[in-house]
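Let's take a friendly walk through this model, from the whole chain down to a few side chains. Keep the sequence and the 3D view at hand as you read.

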Amino acid sequence: MTYRTKRILSLVLLLFGLPLYIVVAITVVGWFERPHIVLEVAIYLVLGFLWALPFKAVFKGVGRADPENPPDRE
(Lines give C-alpha, C1' and ligand atoms only; values in the text may rest on other atoms or scores of the structure.)
Protein backbone atom coordinates (compact mmCIF):
# COMPACT_ATOMS: atom_id res chain seq x y z
CA MET A 1 0.00 0.00 0.00
CA THR A 2 1.43 3.37 -0.93
CA TYR A 3 1.99 6.13 1.58
CA ARG A 4 -0.66 8.34 -0.05
CA THR A 5 -3.22 5.53 0.04
CA LYS A 6 -2.47 4.92 3.73
CA ARG A 7 -2.95 8.62 4.50
CA ILE A 8 -6.28 8.81 2.68
CA LEU A 9 -7.55 5.55 4.18
CA SER A 10 -6.53 6.59 7.69
CA LEU A 11 -8.31 9.93 7.27
CA VAL A 12 -11.49 8.20 6.07
CA LEU A 13 -11.31 5.74 8.97
CA LEU A 14 -10.87 8.52 11.52
CA LEU A 15 -13.54 10.81 10.07
CA PHE A 16 -16.23 8.21 9.33
CA GLY A 17 -15.26 4.86 10.84
CA LEU A 18 -14.46 6.01 14.35
CA PRO A 19 -17.68 8.04 14.90
CA LEU A 20 -19.71 5.15 13.52
CA TYR A 21 -17.90 2.71 15.83
CA ILE A 22 -18.54 5.02 18.81
CA VAL A 23 -22.27 5.10 18.05
CA VAL A 24 -22.37 1.31 17.70
CA ALA A 25 -20.39 0.79 20.94
CA ILE A 26 -22.65 3.14 22.91
CA THR A 27 -25.75 1.46 21.47
CA VAL A 28 -24.56 -2.04 22.30
CA VAL A 29 -23.50 -1.09 25.85
CA GLY A 30 -26.88 0.66 26.26
CA TRP A 31 -28.77 -2.56 25.59
CA PHE A 32 -27.66 -3.88 28.96
CA GLU A 33 -28.23 -2.51 32.43
CA ARG A 34 -25.82 0.35 33.07
CA PRO A 35 -22.77 -0.99 34.94
CA HIS A 36 -20.78 0.82 37.61
CA ILE A 37 -19.03 3.91 36.19
CA VAL A 38 -15.54 2.40 36.60
CA LEU A 39 -16.58 -0.74 34.72
CA GLU A 40 -18.29 1.34 32.05
CA VAL A 41 -15.14 3.40 31.48
CA ALA A 42 -13.09 0.19 31.30
CA ILE A 43 -15.49 -1.24 28.70
CA TYR A 44 -15.17 1.88 26.53
CA LEU A 45 -11.38 1.88 26.87
CA VAL A 46 -11.17 -1.76 25.79
CA LEU A 47 -13.56 -1.16 22.89
CA GLY A 48 -11.52 1.86 21.82
CA PHE A 49 -8.34 -0.19 21.85
CA LEU A 50 -9.96 -3.08 19.96
CA TRP A 51 -11.17 -0.68 17.24
CA ALA A 52 -7.62 0.26 16.28
CA LEU A 53 -6.17 -3.27 16.14
CA PRO A 54 -7.48 -4.26 12.69
CA PHE A 55 -6.23 -0.98 11.22
CA LYS A 56 -2.77 -1.01 12.77
CA ALA A 57 -1.12 -1.51 9.38
CA VAL A 58 -2.99 1.48 7.95
CA PHE A 59 -2.07 3.86 10.77
CA LYS A 60 1.55 2.74 11.12
CA GLY A 61 3.94 5.34 9.70
CA VAL A 62 1.28 7.82 8.57
CA GLY A 63 2.58 10.59 10.83
CA ARG A 64 6.07 10.41 9.37
CA ALA A 65 7.39 12.05 6.23
CA ASP A 66 6.71 10.30 2.93
CA PRO A 67 9.44 7.68 2.51
CA GLU A 68 8.91 7.64 -1.27
CA ASN A 69 9.46 11.40 -1.58
CA PRO A 70 12.53 12.41 0.45
CA PRO A 71 12.89 16.15 1.10
CA ASP A 72 15.20 18.12 -1.17
CA ARG A 73 18.67 18.55 0.21
CA GLU A 74 20.78 21.54 -0.69
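This is a predicted model: local features need pLDDT of at least 70, side-chain atom pairs count only at pLDDT 80 or more; totals for chains, interfaces and linings use all residues.

## Helices and overall shape

Residues are numbered from 1 along each chain as its sequence is written, and side-chain values use heavy atoms, with hydrogens and water left out.

The radius of gyration of the protein chain is 17 Å, whereas a compact globule of 74 residues would have one near 11 Å. That radius is taken over C-alpha atoms, and the globule rule is 2.2 Å times the number of residues to the power 0.38. Along the principal axes, the C-alpha atoms fill a box of roughly 65 × 20 × 15 Å.

## Surface, contacts and charge

Of the 74 residues in the protein chain, 14% are buried; buried means under 20% relative accessible area, exposed over 50%, and partly exposed in between (1.4 Å probe, protein chains only). The accessible surface comes to about 6,400 Å², and 69% of this belongs to carbon and sulfur atoms. These areas come from the Shrake-Rupley method with a 1.4 Å probe; for residues, only the protein chains shown count as cover.

Among contacts (heavy atoms within 4.5 Å) with a separation of 6 or more, 74% join residues 24 or more positions apart. The chain carries 8 positive and 6 negative side chains, and the centres of the two sets lie 5 Å apart. Lys and Arg count as positive and Asp and Glu as negative, while His and the chain ends are not counted; each charge is placed at NZ of Lys, CZ of Arg, CG of Asp or CD of Glu.

K6 sits in helix α1 (residues 3-30), and K6 counts as buried because its relative accessible area is 19%. Leaving out residues up to four places away in sequence, K6 touches M1, A57, V58, K60 and V62. A polar atom of the K6 side chain lies 3.4 Å from the backbone oxygen of A57.

A57 belongs to helix α3 (residues 56-59), and A57 is exposed because its relative accessibility is 55%. S10, also found in helix α1, is buried at 6%. Beyond its neighbours within four places in sequence, S10 is in contact with V58, F59 and V62.

How values were computed
Helices (H or I, at least four residues) and strands (E, at least two) are DSSP runs, numbered from the N terminus. A polar contact is a pair of N or O atoms within 3.5 Å; within protein, one must be able to donate a hydrogen and the other to accept it, and residues adjacent in sequence count only if both atoms are side-chain atoms.
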